[in-house]
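Student: I have a new model open on my screen and I'd like to learn how to read it. Can we go through it feature by feature?

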Amino acid sequence: MSEPFRRLLRALPDFPDTLPDFDPEGAPTDPAELFRHWLGEALAEGERQPHACSLATAGGDGKPSSRMLILKNIDDDGWHFATSRTSRKGRELGANPHAAMTFYWPTQGRQVRVAGAVVELSAEASAQDWAERPRADGSTNPHWQLYALRPAEIEFWQASHDGNHVRHRVGPDGSPLG
Ligand SMILES: Cc1cc2nc3c(=O)[nH]c(=O)nc-3n(C[C@H](O)[C@H](O)[C@H](O)COP(=O)(O)O)c2cc1C
């Protein structure tokens, strides 16, 4: 039963025939600026939700969990996302305020990973996020929380057909982490 499925998976297409070049030497030093540039290029290529990412958390027991989320902003506070404090991720962040985000843009063979500590933003900012969500109905939600992930590391990854995939891993100020 599993063999046809295994074959199906192995036969699925790889990256698209044409991939962009990425030279970290010529890239903006500020990782937020480089991210905005890549997101703009993903949008231009027709990527439907380039602001969607996987968010991984782990509670006090160290067991990881992940799910998709929407990136809401990037500013001096960090990389914003919002959810209910009563959700599994909300409870895990309460116990262990660290998280990792992964973005993947298949049309360009690009991945961005961001990891660091997470802080809660203000009640006002959280209420505004709730009010501005799609299909907002005028309700309020006292559990809704806007968070900011403050990156300790950001990795930009560009697939290449010659197998020499480019990894550009930097700290929040853009300094290379090797
Ligand atoms: C593309 C996409 C975007 C999503 N964006 C959010 C979001 O911004 N906030 C949120 O709480 N859940 C969002 N969800 C739902 C979460 O993936 C998840 O199912 C939910 O938040 C419960 O997760 P938890 O039980 O691990 O806390 C999104 C799901 C998808 C597929």
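Predicted model: local features only at pLDDT ≥ 70, side-chain atom pairs only at ≥ 80, totals over all residues.

Student: In what sense do β5 and β6 pair, and over how many bridges?

Tutor: They pair in the antiparallel sense, over eight bridges. To see one of these pairs, find Met101, whose bridge partner in β6 is Val114.

Student: Which strand does β1 join, and through how many bridges?

Tutor: β1 is joined to β5 by three bridges, and the two run antiparallel. Ser54 stands opposite Thr102 in β5 there.

Student: How should I think about the side chains in strands like these?

Tutor: The general idea is that in a regular strand the side chains alternate between the two faces of the sheet.

Student: Is Arg135 buried or exposed, and why?

Tutor: Arg135 counts as exposed because it has 4 C-beta neighbours inside 10 Å. For the cut-off, a residue with 12 or fewer such neighbours is exposed, and one with 20 or more is buried.

Student: What about Asp30, and why does it get its label?

Tutor: Asp30 has 14 C-beta neighbours inside 10 Å, so it counts as partly exposed. Its place is in the loop between α1 (2-11) and α2 (31-44).

Student: Let's zoom out. How many helices and strands are there, and in what pattern?

Tutor: The protein has four helices and eight strands. Read along the sequence, they follow α-α-β-β-β-β-α-β-β-α-β-β. Taken along the principal axes, the C-alpha atoms fill a box of roughly 50 × 50 × 35 Å.

Student: How much of the protein counts as buried?

Tutor: Of its 178 residues, 25% count as buried. As for contacts, among those between residues at least 6 apart in sequence, 59% join residues at least 24 apart.

Student: Why is β4 described as largely enclosed?

Tutor: Five of the seven residues of β4 are buried, so the rest of the structure largely encloses this strand.

Student: Which strands does β4 pair with?

Tutor: Strand β3 (residues 73-75) pairs with β4 in the antiparallel sense over three bridges. Asn73 stands opposite His80 in β4, and a hairpin through two residues joins β3 to β4. β4 is also joined by six bridges to strand β7 (residues 144-158), again running antiparallel. There, Ala82 stands opposite Leu146 in β7.

Student: Which residues touch the most other members of the largest nonpolar core?

Tutor: That core has 25 residues, and those touching the most other members are Trp79, Ala99, Met101, Val112, Val114, Tyr147 and Leu149. The elements giving two or more residues to this core are α2, β1 (52-58), β4, β5 (98-105), β6 (110-120) and β7. The largest share, six residues, comes from β7.

Student: What does Ala99 touch?

Tutor: Leaving out residues up to four places away in sequence, Ala99 touches Leu55, Ala56, Thr57, Leu93, Val118 and Leu149.

Student: Now the ligand. Which residues are closest to it?

Tutor: Of the 13 residues that surround the ligand, the closest are Arg67, Met68, Thr83, Ser87 and Arg88. Two or more residues of the shell come from each of β2 (64-70), β4 (78-84) and α3 (88-95). β2 gives the largest share, five residues. By class, the shell has six nonpolar, four polar and three charged residues.

Student: And what domain does UniProt list?

Tutor: The UniProt record, an unreviewed entry, lists "domain: Pyridoxamine 5'-phosphate oxidase N-terminal" for residues 41-157. In the model, that span is 18% helix and 49% strand, and its end C-alpha atoms lie 15 Å apart.

Terms used: Residues numbered from 1 in each chain as written. UniProt positions renumbered as here; feature names shortened; annotations may be inferred. Near = placed C-beta within 6 Å. Nonpolar A, V, L, I, M, F, W, Y, C, P; charged D, E, K, R; others polar. Pairing = 2+ DSSP bridges. Core = buried A, V, L, I, M, F, W, Y, C linked by C-beta atoms within 7 Å. Contact = placed C-beta atoms within 7 Å.
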